Amino acid sequence: MLQQLNDATEWDIIIIGGGATGLGTAVDAATRGYKTLLLEQHDFAKGTSSRSTKLVHGGVRYLAQGNIKLVREALHERGLLLKNAPHLTNNLSFVLPCYSLWQKIYYGIGLKLYDVMAGSLGLGKTKIINAKKAKDILQTIATKNLSGAIVYQDGQFDDARLAINLAQTAAENGATVLNYCKVIQLVKTPPAVTNPPKKTEQAGGGLSASKEKICGVIVQDEISKQQYQLKCKVVINATGIFTDEVLQMDDAAAKNIVSPSQGIHLVVDKKFFPGVDAMMIPKTEDGRVLFAVPWHDKVVLGTTDTPIESHSLEPKPLQEEIEFILHHINKYLDVTIQRTDVKTVFAGLRPLVKKGTSKKTAIMPRDHTIIVSSSGLVTITGGKWTTYRKMASDVLNTAVIAAKLEKKNCVTQHLKIHGWINETDKNDPLHFYGADAIAIKKLCAQDETLSELIHPSLPNIKAEIIWAVQNEMAVTVEDVLARRTRLLFLDARAAIEAAPTVAQLMAKAMHENNDWVQQQINAFTTLAKQYLLS
Ligand SMILES: Cc1cc2nc3c(=O)[nH]c(=O)nc-3n(C[C@H](O)[C@H](O)[C@H](O)COP(=O)(O)OP(=O)(O)OC[C@H]3O[C@@H](n4cnc5c(N)ncnc54)[C@H](O)[C@@H]3O)c2cc1C
């Protein structure tokens, strides 16, 4: 795919950003038949898209805020995603503990409405249960004053793996998708040269800046440092929290539109939540929603909503966010989760769009925003993972009009995502690979050492490393341990211990030397230490 950057051909669409939004857009554009290129500066889903709460949901919180349109749209998309990517998604029961009759009525009615809004794509009926039943389901829940619970259904997924499968789906439909390729400049049609200034125009005039049109990008391969100048009909900016940087590549005076809001998660052992269901606290002391969600045989606790001034690809959890989650989750349990019990802490940044003057990110809208600049740059930001497909369709419709491309209809509603399989055995540790699991098992049949575990405390096997290098564009130890497998997000210490094994196997598959192995182990260890609490 990298070699295609040497061709002088003109792309219909260049997408900047390989997170949920950009990858979804690449799938949509390629399946409509446009010549599509996606460029990601780091690895696919390195940004926010690997750091979510892993819910495919309408958003019970947004229902409480009265954002009916967003909830209805998200519930529809939830239903489609569960059908289009069954290997990466599942229907999960959420238990919402209630401490008064009033709470049971209030949340019971709200969640019944949530069901109704999902229509034929609903995942199951909301039930009201008594305190004893709630304790049977959530065995560690504190029972003091517990009057019962509401049990409702929502969706869950593996975010980074969905990103990788979307990249594969886009490529299979003709798109070129590249990780480690950073857009460093937008190229515009030259002003004045082709239209010399008329006498009536000011000296030095010509085409004004607003008449310049974007006609390509300059991209740097972040591994070889080689640069390429590429031509295209339209550029889509899908860079999440980096949106403003690309807007300012277009117009240095462009105002910031994104307000990053940080959310962190703590990951703990299943022993703190031995059942199979999730817990949802609808309103903590300061009005936030808190989840405890079983995921890959661990439990993800979160999240927070903290306005942050600066942004980076590796946001740092704040101590007060860690304390907030531990303090509040422990209030609902009759066991105590200590800092030392935390296997991993990870932070992500929501690319929220500023509206009005409020700095409180928790009340900022979660809908997506699309903007077309005077030079034709099409920007999409905001939204959520769950609605990535609808966001992609909306931004592409806008880009087609902005660039006067031939109109073609969106075909992704029922498009099967790479790995789709009719039936999955959720007890098979490779089930997240869907249809690809067969090929991974074949690797083990050819070389039985590849059936060995990467680390004794996690179910991933060595064949997954080879698979990730050969088929999923993984080029660093971090790619494998953070986003192809999810070891870093499940148990940071185990991931650090696994790094030498992963580096050695990758080096063999990629024909790299011992210096590379050592450099990869060091880089990964430094990074992963930031995911440790103790
Ligand atoms: C704490 C938290 C919890 C969440 N939980 C959920 C949830 O449970 N369910 C849900 O539906 N949604 C959830 N979301 C929202 C969801 O994760 C985001 O809306 C979504 O991941 C944003 O995707 P994105 O593609 O817009 O941004 P990103 O994933 O950040 O992708 C943008 C990409 O652009 C790349 N980029 C930037 N500049 C350049 C450049 N110059 N050249 C090339 N590439 C560039 C970046 O490297 C990055 O990978 C959550 C968000 C947070 C923060």
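This short talk walks through the surroundings of the ligand and then the nonpolar cores.

Please keep in mind that this is a predicted model, in which local features need pLDDT of at least 70 and side-chain atom pairs count only at pLDDT 80 or more, while totals for chains, interfaces and linings use all residues. Residues are numbered from 1 along each chain as its sequence is written, and side-chain values use heavy atoms, with hydrogens and water left out.

Let me begin with the ligand. There are 36 residues around the ligand, and Thr21, Glu40, Ser49, Leu55 and Thr386 come nearest, where being near requires a heavy atom within 4 Å. A polar side-chain atom of threonine 21 lies 2.7 Å from an oxygen atom of the ligand, and a polar backbone atom of alanine 20 is 3.1 Å from a ligand oxygen. The protein covers 96% of the 1,000 Å² of accessible area that the ligand has on its own, as computed by the Shrake-Rupley method with a 1.4 Å probe.

Now to the cores, meaning sets of buried Ala, Val, Leu, Ile, Met, Phe, Trp, Tyr and Cys residues joined through side-chain atoms within 4.5 Å, with buried standing for under 20% relative accessible area (1.4 Å probe, protein chains only). The largest nonpolar core has 47 residues, and among the members that touch the most others are Leu481, Leu488 and Phe524. Leaving aside neighbours within four places in sequence, leucine 488 is in contact (heavy atoms within 4.5 Å) with residues including Thr344, Leu481, Phe524 and Tyr531. A second, separate core has 43 residues, including Ala45 and Trp385.

Key:
Polar contact = N/O pair within 3.5 Å; in protein donor to acceptor, adjacent residues only side chain to side chain. Buried < 20%, exposed > 50% of the residue type's maximum accessible area, 1.4 Å probe, protein only.
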